[in-house]
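Subject: Structure handover

Hi,

Here is the structure we talked about. Please open it and keep it on screen while you read my notes.

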Amino acid sequence: VSTATVRHASAPESVVLLVLRVVLGSLFIAAAVLKLWWGDGDPPQAFAEAIKAYKVIPTETGEPLIALLAYAIPWAELLAGVLLVVGLWARPAAMLLVLQLLAFTGAIGWVILKGFDVKCSCFGNLDWPCPGTIGTCHLIRNGTLLAVALLLAWRGSGRFALWPDRRPARQPMD
Amino acid sequence: MGCIDLLCRAIALGTLAAGVGAVHSVVGRDAPIRVTRGTPPVVPVNPPQAVDPAAGTPETPAGASTAPPAAVDPLDRAGKPGSLTLREAHALWEQGAAFLDARRQDEFDAGHIAGALWMPAARVPTTDGLADLQFLDPGATVIIYCDGGDCDASENTAIRLEGLPTPFTDVRIMGMGYSDWVAAGLPTQKPDETGSPAEAAP
């Protein structure tokens, strides 16, 4: 199984990793495109209004930050999503999604704690898969996505990737 | 790849994305993203009266403050600083001012201020939204409401109206919400009912 210095993931594991990469990556590509380009109502402005509604960043002093985040968050989702799907720098890309999901989940928890009546706006105007305002469903969804992202950050791209990552032989993982 | 190394690479990717986003935010739009109104709130035409003249308080002792907040008529509460009270908003409604409802569609459909148009912020730049707004004179008094408290929807719509190619110049926010309007017994309607002062206005 192992070579002298490096080895790749097994074929069955690689298939699972490929599927997870494509699913998770596509979700985040869709989320980014819906925030930046698609949907009614001038999407980046709409997303800025969504960030404002979470009331994590004070509106009066934080307007430049909110305006930057309205572009930076979807671009981070897009970059990580594309890298995951094609299988290039997959582990850092998955790790970036872990960081983002932790931040998003924190913001959702804050909204629930404060009892704000806020729509998620995670997928632009789409209410998928959790309808209505933010609630427990969003926490469960994010927890699931976080688990997949963590798995990919740990196990890597598998062998079916543009640039399969390699594992040191001295750290067998199977 | 160790854990710290992985984290560093992830942060590097995030920084790259933030940089691309920053460039995109500059080159991607004619007008910058706004989440606060550039102009200070319009001063109401009828300034709120601290004391109702009808009630008259001649026996107020000098130096004693006898105006606890609880004594203020709900009609005279502004809800938010610089916003219209229910009394002021209703006076403007009677003058035929346009009312815009910034709440969700299901809330609007369940009932709204008589004559109000459904206009949440995201609808303003759409074909439907612009078609509705065409009926209004950009210089006319426009009053936006949602449902009071910490709802930002009115402000978001105001920002969009003031950022249109032909901006609306007299946009005001009714700080008290729709439920306060209903509680005060002021006129409401359902979408299928007719008789809209907003559409009758020039």
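The lining of the largest cavity divides into six nonpolar, three polar and two charged residues. Here Ala, Val, Leu, Ile, Met, Phe, Trp, Tyr, Cys and Pro count as nonpolar, Asp, Glu, Lys and Arg as charged, and the others, Gly among them, as polar. Among the lining residues are A:Cys120, A:Cys122, A:Trp128, A:Cys130 and A:His138. The space inside the largest cavity is about 50 Å³. Over the whole structure, the search finds two cavities of 30 Å³ or more.

Some ground rules. This is a predicted model, where local features need pLDDT of at least 70, side-chain atom pairs count only at pLDDT 80 or more, and totals for chains, interfaces and linings use all residues. Residues are numbered from 1 along each chain as its sequence is written, chains are lettered from A and ligands numbered from 1 in the order in which they are written, and side-chain values use heavy atoms, with hydrogens and water left out.

Cavities and pockets come from a 1 Å grid over the protein atoms alone. A cavity is a set of points where a 1.4 Å probe fits but cannot get out. A pocket is an open set with protein on both sides within 12 Å along at least five of seven lines. Lining residues have an atom within 4 Å of a point. Grid points are joined across faces, edges and corners, and a volume is the space filled by probe spheres set on the points.

Now chain A. It has five helices and two strands. (Helices, H or I with at least four residues, and strands, E with at least two, are DSSP runs numbered from the N terminus.) The order from the N terminus is β-α-α-α-α-α-β. The C-alpha trace of chain A spans about 60 × 30 × 30 Å along its principal axes.

The largest pocket has a volume of about 1,200 Å³. It is lined by 43 residues, and the closest to its centre are A:Lys119, B:Ala102, B:Arg104, B:Pro120 and B:Ala153. Which helix gives the most to this lining? It is α2(A), with six residues. By class, the lining of the largest pocket has 18 nonpolar, 10 polar and 15 charged residues.

The second largest pocket has a volume of about 700 Å³. Of its 33 lining residues, A:Leu69, A:Ile73, A:Gln100, A:Ala103 and A:Phe104 are the closest to the centre. α4(A) supplies the largest share, eight residues. This lining has 26 nonpolar, four polar and three charged residues.

α4(A) also packs against α1(B), at an angle of about 75 degrees and with the axes 8 Å apart. Axes are lines fitted to C-alpha atoms, for helices over the stretch in contact, and angles run from 0 to 180 degrees between N-to-C directions. Under 35 degrees is roughly parallel, over 145 roughly antiparallel, 65 to 115 roughly perpendicular, and the rest oblique. So α4(A) and α1(B) are roughly perpendicular. Contact (heavy atoms within 4.5 Å) involves residues including A:Met95 and A:Leu99 of α4(A) and B:Leu6 and B:Ile11 of α1(B). By class, that contact has 10 nonpolar, one polar and two charged residues.

Last, salt bridges: a side-chain nitrogen of Lys or Arg within 4 Å of a carboxyl oxygen of Asp or Glu. One joins A:Lys52 and B:Glu155, at 3.0 Å from N to O. This pair crosses between chains, from helix α2 of chain A to helix α5 of chain B.

Best wishes
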